[in-house]
Structures are given as C-alpha cells and as structure tokens.
Amino acid sequence: MSAEVVPLPVKEPSLTPILSLTATAMNSVNAIILDRMQSEIPLIPALAGHLIAGGGKRMRPMLTLAGADLVGYQGARHHKLAAAVEFIHTATLLHDDVVDGSETRRGKETANIVFGNPATVLVGDFLFARAFELMVEDGSLKVLKILSSASAIIAQGEVDQLTAQRRIETSEERYLHIIGAKTAALFAAASRISAVVAECSEAEERALDDYGRNLGIAFQLVDDAIDYDSSAAEMGKDRGDDFREGKMTLPVILAYARGDDQERRFWQEAIAGFRTEDEDLAHAVDLIRRHDCVTATRERARHFAQRACDALSIFPDGSARRAMVEAAQFAVSRGY
C-alpha cells in the first residue's frame, strides 16, 4: 500500500486577523471620525463623508490600534489618535486628487469631480485642523511631535514627487525617498504612537516605527505595481493614472533601465506627456511585462514587508503580532 502525500493548501494572507483584532476599538474610532467631521457648514460633512464613507482599508488607524494591543495598552487614548491619523490620511487624499486631477477613487467619482477643486482643498484643510485638535486634546507633546513631523514629511514628499514628475532620469533611490516620505512616514507614525501612549521603551517605539515604515514602503510599491498589472475594477481607480500623469514609479524606472534604445525613446516621449493614448498605455504595459518589472517591484515589496515583520521580533508571540505580520504579508500579495 502506498500513501499519496497531499500538501496542505497555503492560505492566502488577508486582513481578517487584524480586522478582527481591532474591530471593537475601530467602532470607537469611527464614532470619533463621524463626530469630528461634522460642521454647521453642510458642505463640509457632505464632502468629507463622500471619501470617508467610500471604503478603504483603514490600514493606518488599524496600525495604531493593533500596536496598542501588541504592547498591552489598556487605555483609550489611542482611539482619538487613530482618528487623527485617518483624518491626516483623508486630507492628503483630497489634496492629492486635486493635484493629480483624478476622476475616480475606490470605484466612484472623486470629491473634486463632485464638489469642485476649491471645496475639496478647503475641506482637506478642515480635516487637517481636526486632526491637530485631536492631538492637542491627547496632551502628549511627544505624540504631537511625531504626528506633526509626519504631516510635514508627507507634504514634502508630495512636493518632491511633483518635481520628479515627467523627469525620465528619476532614479530608484529618489523614488524610494519619495514614497518613504509621502506614504511610509504616516505608517511609521501611526504605529509608533501606540508605544508612546503605552509608555514603552525607546527600543519598542523604534521597532513599531520600523514596522510601519517598511510596511508603508511595501504598500506603496505594490500600489505602483498594480497600476500596470490590474484592471480598473480591481483597483477602484482608472488604470494607467500614473502613466498618464508622467509619474516615475518603480515599474517604469526598471522598464526604462532594462529597455533598448527604441523602448527608451518611447518612455521618454510617454513620460514627457506625448504618448498618453490607450494604445500607448497598452504598449507601456507590454514593455513592463516583457522586462518583468511588476514582478521585480513586488519582489522589492516583499523585501520591505519582511523587514517590517522582522522589526516585530522583539515583541512576544501572540495574536496581535501574528495579525500584524499577516497584514504585512497581505500588503504585498494583494491585487487591489
């Protein structure tokens, strides 16, 4: 008699563990968000709610909540701070959509299309102000310094990305610096503040900062890969947005570096804004696939995700650490 060895199926990583871990606390956070986005000016909650109610993974506030669970924090200060983190993120999205001229996000029209650019910018400013109100109410100068510094770094990263737009010579090093600022800084701050409110050691603060920062870089790398790898239905935004806006993301940087002279001429014209039709996008996707640039981008994302997981090794094993590790694994395996 012979026995056939059947391998156990490998479970795809998901956000389910971290969603379950933070569900109760997230209800409190959502209640704070709903309360603080209200105003006697009806346009403000209408426009803010258009984006906030539109879905999204809520990754950043979840990191604050999960981090608090990881370090055994028993209080409730992290609820307001997680709401502040989400307001900062939402404000940057509103401003980004105006800067980029985006038309869809999460499968529906962006606020700037529905309400106009001026109102969208101003409501973004309102949400930033609400975030800082919540930080001040917390009363910790250290928390205020971490989140205010992250806000400044995000703005600098967005400006840096704007100046790199349509510049074919943008290097991988500069690209990583840009996403480290515009995306990873808030991931890092959101994770770190949970250790601050719990009065943890500097080593634990740094570990959570490293976790968030590396996760944020991995998350953005995958976002940039998806723009050349998934349908608009999966992404909830227009496919090829980055391409038409002339953004030098890693798949393009790699394709340009790996291409021949003819391919490089195409990229020079495309990034300069002279090749932006659907057939040009299709050609760009073909070149990126030909040189395995999406695969290479995801491989780099896995590297940063592993660094994020390694940063948690100073904490004892448990449901919180496992959930945060799986969240990092999900970040690089997702298709949307």
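Modeller: Welcome! Helices here are DSSP runs of H or I with at least four residues, and strands are DSSP runs of E with at least two, both numbered from the N terminus. You are looking at a predicted model, where local features need pLDDT of at least 70, side-chain atom pairs count only at pLDDT 80 or more, and totals for chains, interfaces and linings use all residues. Residues are numbered from 1 along each chain as its sequence is written, and side-chain values use heavy atoms, leaving out hydrogens and water.

Colleague: Thanks! Which helix holds R322?

Modeller: Look for the run of residues 319–333, where R322 has its place. That run is helix α16.

Colleague: Is R322 buried or exposed, or partly exposed?

Modeller: Buried means under 20% relative accessible area, exposed means over 50%, and partly exposed lies in between (1.4 Å probe, protein chains only). R322 has 48% relative accessibility, so R322 counts as partly exposed.

Colleague: How many helices and strands does the protein have?

Modeller: Both kinds of element are present in the protein. The count is 16 helices and two strands.

Colleague: What is the radius of gyration of the protein?

Modeller: This value is taken over C-alpha atoms, and the globule rule is 2.2 Å times the number of residues to the power 0.38. For 336 residues the rule gives 20 Å, and the protein comes close to that, so it is as compact as a globular protein of that length. Its radius of gyration is 21 Å.

Colleague: Which residues touch the most other members of the largest nonpolar core?

Modeller: A nonpolar core is a set of buried Ala, Val, Leu, Ile, Met, Phe, Trp, Tyr and Cys residues joined through side-chain atoms within 4.5 Å. The largest one has 107 residues, and helix α8 (residues 172–197) gives the largest share, twelve residues. In soluble globular proteins, nonpolar side chains tend to be buried together. The members that touch the most others are I18, Y211, L215 and W267.

Colleague: Which residues does L15 contact, leaving aside neighbours within four places in sequence?

Modeller: L15 is in the segment before α1 (16–36), and at 10% relative accessibility L15 counts as buried. Contact means heavy atoms within 4.5 Å. The partners of L15 beyond those neighbours are K57, M59, A327 and F330.
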